[in-house]
Amino acid sequence: MNDVSPQTPRTDRENWGSKIGVILAVAGSAVGLGNFLRFPGEAVNNGGGAFMIPYIASLLILGIPICWCEWTMGRLGGRRGVNSPPGVLSAIWNHPLARFVGGLQLMLPVVIYMYYVFVEAWCLYYAVQFFDGAFENLFGQATEGLTDHDDVVRNVVGASGGFFETACGQGENGAIFTLTGRGMLLCVAVSFGANFLLIYRGVSRGIEAFCKVAMPLLIGCAVLILIRVLTLPGISAGLGFMWNPDWPKLADPNVWLAAAGQIFFSLSVGFGLILTYASYLRSDDDVVLSGLSATSANELCEVVLAGLIVVPTAFLFLGAENAKGSTFGLGFVTLPSIMHFMPGGRWFGGLWFGLLWLGALTSTLSMLQPAIAFLEEGFGLRRRASVIVLGLITLAGALPIMYFSKNAIALDHADFWVNQLMIYIGATGQVLIFGWVLGAHRGIREANRGAELRLPRGYGFFIRYITPTFLIVVFVSWATVHAPDYVRGMIPSLQGKLAARAVYEKAAYEKLGPAWLDLAPAAAPLARTDLSDEQADLVDAQLTELLGPSPDVRVDRLPDWLRKLEPEATASAEPAETQAAIAGGLFVCLILLLAITVILSHVAYRHRMARIIAAHPAAEPGEDSP
Amino acid sequence: MIRPACMAAVMGAADGLTPAGWAMMIGSVGMVLALCAFCIRRVLREPHPEEYMHAPLDIDTHDTNDDEES
């Protein structure tokens, strides 16, 4: 089946070694930050066990089918002599829309790299700080003299949160560029430099060989922890916190969006990576079993290891409040806090974050290859020149994301627009090209060429109808439910008014809330997030009556006790306006970058790619030449 | 590894796994383990999988030596 030259017969041991090597390589490639940091937070915040229904639906309807379609189209494009997403898609469909989808898939990994490398640097910084004993000292000082467990937990989590805010620049824009942020800046430089040095020297396969050992080590560590966690007394409570389903959440489109976004992010589908790497395969290399094996290894890390360890452990050690945090909160505040309660936490924490850094490094390395391939084949640059050009572009994009770090505003917005808008458009375009332009039958025939596992029956129907419909339904839900909030979040004047109004609302609720809710006058008002729906509606109605329906509060109509808060309200409006301006600016930059990438894709196609594709004629009737 | 005070605090804080929670956990974990076992079995059954199965970073991009190209 394969055109492999005759070889010396191997011993059984060599043969088994090479098989295990394949499994380790696939497992090594699968591990990333999305598994251990992103998935648990998404699951616990989106319905616990109920989240697994949209998650598994997304895996079966989007993840696996799109993965196969990317591997197949990539290998097909490679036969036509092109490797970048615009080249591969243009080889299949000579149409400007193919350049648009290809340009989008070229841009996405570059933008993801720009912020992912920052999070990668956090992992390195945390690893160094753990090994250095900084966390041990920090938690030791925070809990000195305390005996009550609740106080200890509160102080440890507080200290960990404070560390995260300071070290990762969450408290102030530009913090990592100050003297106190120089350690983090150094880690950013090391991470950035390591990526480009490895890809410049062409040793990404070398790092992969290292990861064949290191990543299974990370998985082995996680398995050991899992065994320990599952044998802890009371673990049922922690597992219940993670896995008990909150069924009403299934009616919330955001939950379905979050599940689909998680699948795209952790499987690296929908943004051109696999398209590029598969283009370097030989025409009869397997793509079906390779794709499925990579997916299953990823799911093992994500669902079995991260799903059973992170949140249940956080719940056991730190309680419900701390186990239900954001992705970054769980990964960089809760997990370091847990290490304090573990024997050898200093070394274990260092090892954990060090291996996570390595996992992140393998992910970011692969994000660079599509753009390098594009510069090489589209503009005739050598690899060295391509790496330098790409290094300058990604540095220019990463610096503002690192600078505007307060509340991770730039990172959060970049992640949102990339993961919840652009990947959908890119993946939808790719699936439509596979199912309707290349044609499902021809696509399946191409996928099955040299396949050790043939595509299941019904895949053609799935990729033509079910997958695009699911993508479009999820996308339309997103556009109607989620997008308006993010669009409003980019309007500085509106955000300023809302921030000012929040000051008045807080004061009004604290003073009048107990009366509105018929509580005893001396009773402390409930937190607004703890109110029932009826109570929240009642409070909203009272606040609207007091402050007016518009976000813009008419100060002259307020009672004196509220009017005197005007300076405080004005002061809170300014940072909100700045944050909104940053978010809006970032969105405009992303759109501009997309436009530039699509134009460049078109130019590159006319300039060189069309000739390359023409020089590699279709291998079988029906493979159209442009 | 974990102090009794902590456990006491935790034990009162949640009810543990409900039947639906058990079902979701076992179903999800079981499905993933079955998928992994299927893939590993298929890989181990192949005579020389290293010759035609690849993980992304394991793939040679053939463009890493500028000198050779020239």
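Visitor: Which residues are exposed on the other side of helix 6 of chain A?

Guide: Those are Asn137(A) and Gln141(A). Keep in mind that this is a predicted model.

Visitor: And which residues of helix 6 of chain A are buried?

Guide: Start with the general idea. An α-helix has 3.6 residues a turn, so residues three or four places apart point the same way. Now the case here: helix 6 of chain A covers residues 134–142, and its buried residues are Phe135(A), Phe139(A) and Ala142(A). Looking down the helix axis, you find these buried residues within an arc of 60°, so they line one face of the helix.

Visitor: What do the buried residues of helix 6 of chain A pack against?

Guide: Their partners in chain A are helix 5 (96–132), helix 7 (149–167), helix 15 (327–340) and helix 16 (345–379).

Visitor: Let's move on to the domains. Where do they lie in chain A?

Guide: The domain assignment gives domain 1 as 18–485 and domain 2 as 489–626. Their C-alpha centres are 25 Å apart. To the contact, domain 1 of chain A brings 31 residues and domain 2 of chain A brings 26 residues.

Visitor: Which helix supplies the largest share of the side of domain 1 of chain A that touches domain 2 of chain A?

Guide: Helix 5 of chain A does, with nine residues. Helix 4 (85–92), helix 16 and helix 18 (409–448) of chain A each supply at least two residues of that side. By type, the residues on this side of domain 1 are 16 nonpolar, nine polar and six charged.

How values were computed: Residues are numbered from 1 along each chain as its sequence is written. Chains are lettered from A and ligands numbered from 1 in the order in which they are written. This is a predicted model: local features need pLDDT of at least 70, side-chain atom pairs count only at pLDDT 80 or more; totals for chains, interfaces and linings use all residues. A residue is buried if 20 or more other C-beta atoms lie within 10 Å of its own, exposed if 12 or fewer, and partly exposed in between; C-beta atoms are placed from the backbone. Helices (H or I, at least four residues) and strands (E, at least two) are DSSP runs, numbered from the N terminus. The arc is that of the directions from the helix axis to the C-beta atoms. Two residues are in contact if their C-beta atoms, placed from the backbone, lie within 7 Å. Domain bounds come from an automatic or database domain assignment. Ala, Val, Leu, Ile, Met, Phe, Trp, Tyr, Cys and Pro count as nonpolar, Asp, Glu, Lys and Arg as charged, and the others, Gly among them, as polar.
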